[in-house]
Amino acid sequence: MKILLVTEVIAGNGHHKAAESLLKEIKRRNPEHEVKIVHLLEVWSKSIAQWAQKIYLSIILKRPKVWAWAYRKESNFAFVFKQIIAYLMYIKLDRFLKKEKPDLIIATHASGLTALSKLKKRYHFKLAAVFTDYHINNFWIQNNMDYYFVGHEELKRRLIEQFSLDPNQIINSGIPIDPVFNDLYFQERNQEDHYFRILVMGGGLGIGSIQEIVNSFKNVGHVSVSVYVVTGRNKKLYQELTDLAPLLPFPIEVFSYVEELYPMMKSSHLVITKPGGLTISEALSASIPILIVQPIPGQEEYNARFLIRNRSAIRIQNIAEIPYWVEYLYQHPGLYKKIQAHQTKIARPNSSSVIIESLLKSVVQCYTK
């Protein structure tokens, strides 16, 4: 069958990584399926997609309070802008779908969902939305949807109560992550490591006070730390940390974009990160305690609150607190194991498998009726 995974990269790499994880799972099950990852804003206009990313980055880096306000008002914006965006994208997507003729479309970003839901009647494909954060954003809610896949049972309850959706449409799958997390879920962390290994991340865009975080480890006492840092697409940060590394009093390895994070997560004892949906889902499935720093207002703020409610992470307000928590977690293995136990309750390492199994079965049933 022909499957399109529609997504975007304007707000980082998480939505795209979710699509890649689903593609891997589809190919594992049946390599003969024709699968394509599509950035819908680029189908509409590459220049608009580029400008959208520039505007997003400018706002979150320079005017985060503006983004926080906009996100709090997203239900009002969704009511108006969903239809405007659909109107603008409709013709381009109509031509695109006429050429592609998909049997199934899986969206890991909401940008083109309204237009797709309108075109669904014409092209008769199955349409599924896959949430990539632990929050309900109104832009995802559309008519003519076949399935919604959510990260946790509380999101399913909200979709039913707030939007009166059919419970049979909603599957608590978890946020889709690389299938390798499921394959190696029970692999033990190296207990003979003499270092307390810390993984520092700033998402696919490599944003946040990463260099300040790294420098804070100089103040860690009584614990031998070693550090992995992933800088994503931030080339300037990568070079700065590469130059800094030989001057630091602890071992450090600096990476740009990492295709497969599982080995790095499984060999680490703590991850310090802003709470992007994909990153924290991977950390939960790797059973690695999370120290939350500098969440982007909006979706990441909701992700942070979700983790705190489920006692699966520690949130700090100031980077100066990092040495204290590194030492405390090292010296209090009881708390460390409690966090891991809570993570196990909400981790979904088989998320991609659940999503693809459900959808492929649904499409096959549709065509055999």
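The side chain of S281 makes a polar contact with the side chain of Y134, at 2.9 Å; a polar contact is a pair of N or O atoms within 3.5 Å, where, within protein, one atom must be able to donate a hydrogen and the other to accept it, and residues adjacent in sequence count only if both atoms are side-chain atoms. The model is a predicted one, in which local features need pLDDT of at least 70 and side-chain atom pairs count only at pLDDT 80 or more, while totals for chains, interfaces and linings use all residues. Residues are numbered from 1 along each chain as its sequence is written, and side-chain values use heavy atoms, with hydrogens and water left out.

S281 belongs to helix α12 (residues 277-286); helices (H or I, at least four residues) and strands (E, at least two) are DSSP runs numbered from the N terminus. With a relative accessibility of 5%, S281 counts as buried, where buried means under 20% relative accessible area, exposed over 50% and partly exposed in between (1.4 Å probe, protein chains only). Apart from neighbours within four places in sequence, S281 is in contact with Y134, I175 and I177, contact meaning heavy atoms within 4.5 Å.

Turning to the chain as a whole, it holds 16 helices and 12 strands. Its radius of gyration is 21 Å, close to the 21 Å that the globule rule gives for 369 residues, so the chain is as compact as a globular protein of that length; the radius is taken over C-alpha atoms, and the rule is 2.2 Å times the number of residues to the power 0.38. The C-alpha trace spans about 65 × 40 × 40 Å along its principal axes. Of the 369 residues, 57% are buried, and among contacts with a separation of 6 or more, 69% join residues 24 or more positions apart.

Helix α14 (residues 322-331) and helix α15 (residues 333-346) have axes that come within 5 Å and cross at roughly 95°. Axes here are lines fitted to C-alpha atoms, for helices over the stretch in contact, and angles run from 0 to 180 degrees between N-to-C directions. The two helices are therefore roughly perpendicular to each other, a label given to angles of 65 to 115 degrees, with those under 35 roughly parallel, those over 145 roughly antiparallel and the rest oblique. On the α14 side the contact is made by W325, Y328, L329, Y330 and Q331, and on the α15 side by P333, L335, Y336 and I339.

In α7 (residues 153-163), E154, L155, K156 and L159 are buried, and their cover includes β5 (147-150), β6 (170-172) and α13 (299-309). Just after α7, S164 takes a positive phi of about 55°. In α6 (residues 113-123), the buried residues are L113, T114, A115, L116, S117, L119 and K120. H124 follows α6 and sits in the loop between α6 and β4 (126-130). Although not a glycine, H124 has a positive phi of about 60°, and at 60% relative accessibility this residue counts as exposed. Most residues other than glycine have a negative phi. Q294, also not a glycine, has a positive phi of about 45°; Q294 lies in the loop between β11 (290-292) and α13 and is partly exposed, with a relative accessible area of 37%.
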